[in-house]
Amino acid sequence: MRISDTADLWWKTAVVYCLDVETFLDWNGDGVGDFVGVTERIDYLAELGITCLWLMPFYPTANRDDGYDITDFYGVDARLGTHGDVVELVRTARDRGIRVIVDLVVNHTSDKHPWFKAARSSKRSPFRDFYVWRAEAPEQDTSDQVVFPDQEDSIWELDARTGEYYLHRFYKHQPDLNVANPKVRDEIAKVMGFWLELGISGFRVDAVPFLLGLEGVSDSQAQDFADPHDYLASLRSFLGRRTGDGILLGEVNLPYPEQKKFFGGRDGDELTMMFDFVGMQNLYLSLAREDARPLARTLKRRPAIHADAQWASFLRNHDELTLDKLSESERQEVFAAFGPDPELQLFGRGLRRRLPPMLDGDPRRIRMAYSLMFSLPGTPSLFYGEEIGMGENLEIEGRMAVRSPMQWSPDRNGGFSSAAPSRLRWPVVEGPFSPEHVNVADQRSDPDSLLNFVALLIRRYRESPELGWSDFTILEQPHRNVLAHESRWDDRRMLAVHNFSPDRCTVPLQLTGCEAGCRLVDLLQPGATELDADGRAEVAMDGYGYRWLRVVPPEGRRLA
């Protein structure tokens, strides 16, 4: 099978890059990033190898939750640009082979949204049932159900104007929409249709389990909305009719058996992709223990999914690095290794750090981690600045610590903005990960930089479609600190071997179906290893070493 035969399912081998418009590049010098700035850096993303750009919320906002408290689903925050600027970005990106997806945040609105203003104005308001209300105070403590336990102690908030309580899983200034109301479902479809008309290729869907939840919904509405997954399938169908190849990339942080349901049934007709939160968390446990077995066990448990669906692999996203699917003792191990100071932790469940500071800036460990992420079966996703090894800014409150301005150069404000530092939305990082030490300009001219290494990983990933398409096998071997796995699709085979330990070792490998003369050709460095007649070879691994090995038969021709 040729790579071109799979081009309609582009997300299977995409490379996703997430950025926040307001912290990426300020083109007009007002201290806030803008769409023109992102458009001016599209060639940088194309050169890196990005094929899918994910934009965090850019809509008008009350600005109490970094854009996730939306006041107009159809608008563009005036600080960031105009609808025309959005269209120009989408068209410029598409010209470079980059699709654009945007955040769909429809679990809740800002309490400043016109719908909620109307809903709280009167119990008889036509918008009242756009939200979830109850007349009496909750009888049970719901503090364990809030998303931000350091800020809220209940999922219900009294509205003094009407004397009733409204539902909010997140902050109390973010009332939950009532998706059981067909009028709300119609509005969500209209929002999707609007942005699809502007040329985007899909959505990253925020907080999917909460969106489909029926907490507090009246019995009659719950009966009419008996299977929320049917609604999710209808959104996927609507997207398909409008675009043909658009995607829904879902945020579903649940155990695997529950998470799989959001892909849909036998036809895989709900979410196109989902982030592998369980795999990510166990990857950090393996890093903390210098033991590959937690990740290996997790990958073996990862459910098989429909051929058209996909897992998204990641090391970092825009929120806290959640560890909530680990046991309490496992979580404490990761805290002890990467964030023992309570200031580095958040909500008792995660870390507000980026990867390089967590690994003490050790280039061997950092590169091993990214090599591992790109080699895992699925679609890799990067958060802006990861490609250069940015650190967090702990002076910024909470989970915003990882959302400091992009570091383009060693100049003032890291080249992000010409404005005075006091006018920036968030301050730049200081210390050993400041722009003076970590920036794009210096790394572009350094062939040994992390930026160029990540670009190499992306090239090799794109040249290895089996990483996005294949089933995979964990290869048994004697070293607890080594993960070896094989990806095999059609006539393509690749091995990835990663050493979680600082100690050198020799890894024995044995492959089935390999005759004498087969070779393991290194994809990240020069060299090859020949297999014996039984398909066996030994591979030397440095401390925190990593190898991508293409299986090449004697008469075969493969890009190495």
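**Entry 1: Glu-538**

I started with Glu-538, which is found in strand β21, residues 536–541. The model I am reading is a predicted one. Is Glu-538 buried or exposed? I looked up its relative accessible area and got 58%. Exposed means over 50%, so Glu-538 is exposed.

Next I listed its contacts. I left aside the neighbours within four places in sequence. Glu-538 is then in contact with Thr-506, Val-507, Pro-508 and Thr-529. I also checked Glu-538 against Ile-247, 291 residues apart along the chain. Their C-alpha atoms are separated by 41 Å.

**Entry 2: aromatic pairs**

I turned to the rings. A pair of aromatic rings is described by the distance of the centres and the angle of the planes. How many aromatic pairs are there? The count comes to 34 aromatic pairs.

I picked Phe-148 and Phe-347, which form a tilted pair. The centres are 5.7 Å apart, and the planes make an angle of 45°. Phe-148 lies in the loop between β4 (133–134) and β5 (156–159). Phe-347 lies in the loop between β12 (345–346) and β13 (350–351). The two parts are 199 residues apart in sequence, so the pair ties them together.

Phe-148 has a relative accessible area of 3%, so I wrote it down as buried. Phe-347 has 21% and is partly exposed. The cut-off matters here, because buried means under 20%.

Phe-275 is in strand β9 (residues 273–275), and Phe-314 is in strand β10 (residues 310–314). The pair links distant parts of the chain, 39 residues apart. Phe-275 counts as buried at 5% relative accessibility. Phe-314 is buried too, with a relative accessible area of 4%.

**Entry 3: a cluster, and charges over rings**

Which residues form one aromatic cluster? I noted Tyr-17, Phe-24, Tyr-44, Phe-383, Tyr-384 and Trp-408.

Trp-408 turned up again when I checked charges over rings. Arg-41 lies over the face of Trp-408, at 4.7 Å from the ring centre. I found another such case at Trp-156. There, Arg-134 lies over the ring face, at 5.2 Å from the centre.

**Entry 4: helices α6 and α9**

I moved on to helix packing. Two packed helices are described by the angle between their axes and the distance between the axes. Helix α6 covers residues 182–197, and helix α9 covers residues 228–243. They pack at an angle of about 25°, with their axes 11 Å apart. Angles under 35 degrees count as roughly parallel, so α6 is roughly parallel to α9. The crossing of α6 past α9 is right-handed.

I then read off the contact. From α6 come Arg-185, Ile-188, Ala-189, Met-192, Gly-193, Leu-196 and Glu-197. From α9 come Tyr-231, Leu-235, Phe-238, Leu-239, Arg-242 and Thr-243.

**Entry 5: helices α15 and α17**

I looked up another pair. Helix α15 (residues 363–375) packs with helix α17 (residues 450–462) at an angle of about 20°. Their axes are 10 Å apart. These helices are therefore roughly parallel to each other. α15 passes α17 in a right-handed crossing.

Which residues of α15 and α17 meet? On the α15 side I wrote Ile-366, Arg-367, Tyr-370, Ser-371 and Phe-374. On the α17 side I wrote Leu-450, Phe-453, Val-454, Leu-457, Ile-458 and Tyr-461.

**Entry 6: helix α12**

Helix α12 spans residues 293–301. Its buried residues include Pro-294, Leu-295, Ala-296, Thr-298 and Leu-299. What covers the buried residues of α12? The cover includes helices α10 (256–260), α11 (277–289) and α15. It also includes strands β15 (471–474) and β16 (482–489).

**Entry 7: positive phi**

Last, I checked backbone angles. Glu-290 has phi near 55°, a positive value in a residue other than glycine. Glu-290 lies in the loop between α11 and α12. Its relative accessible area is 28%, so it is partly exposed.

Asp-360 also has phi near 55°, which is positive. This residue lies in the loop between α14 (355–358) and α15. Asp-360 is exposed, with a relative accessible area of 70%.

How values were computed: Residues are numbered from 1 along each chain as its sequence is written. This is a predicted model: local features need pLDDT of at least 70, side-chain atom pairs count only at pLDDT 80 or more; totals for chains, interfaces and linings use all residues. Side-chain values use heavy atoms; hydrogens and water are left out. Rings of Phe, Tyr and Trp (its six-membered ring) pair if their centres lie within 6.5 Å; planes under 30 degrees apart count as stacked, over 60 as edge-to-face and the rest as tilted. Helices (H or I, at least four residues) and strands (E, at least two) are DSSP runs, numbered from the N terminus. Buried means under 20% relative accessible area, exposed over 50%, partly exposed in between (1.4 Å probe, protein chains only). A charge sits over a ring if NZ of Lys or CZ of Arg is within 6 Å of the ring centre and within 35 degrees of the ring normal. Axes are lines fitted to C-alpha atoms, for helices over the stretch in contact, and angles run from 0 to 180 degrees between N-to-C directions. Angles under 35 degrees count as roughly parallel, over 145 as roughly antiparallel, 65 to 115 as roughly perpendicular and the rest as oblique. A crossing is left-handed if the near helix is turned anticlockwise from the far one by less than a right angle, and right-handed if clockwise. Contact means heavy atoms within 4.5 Å.
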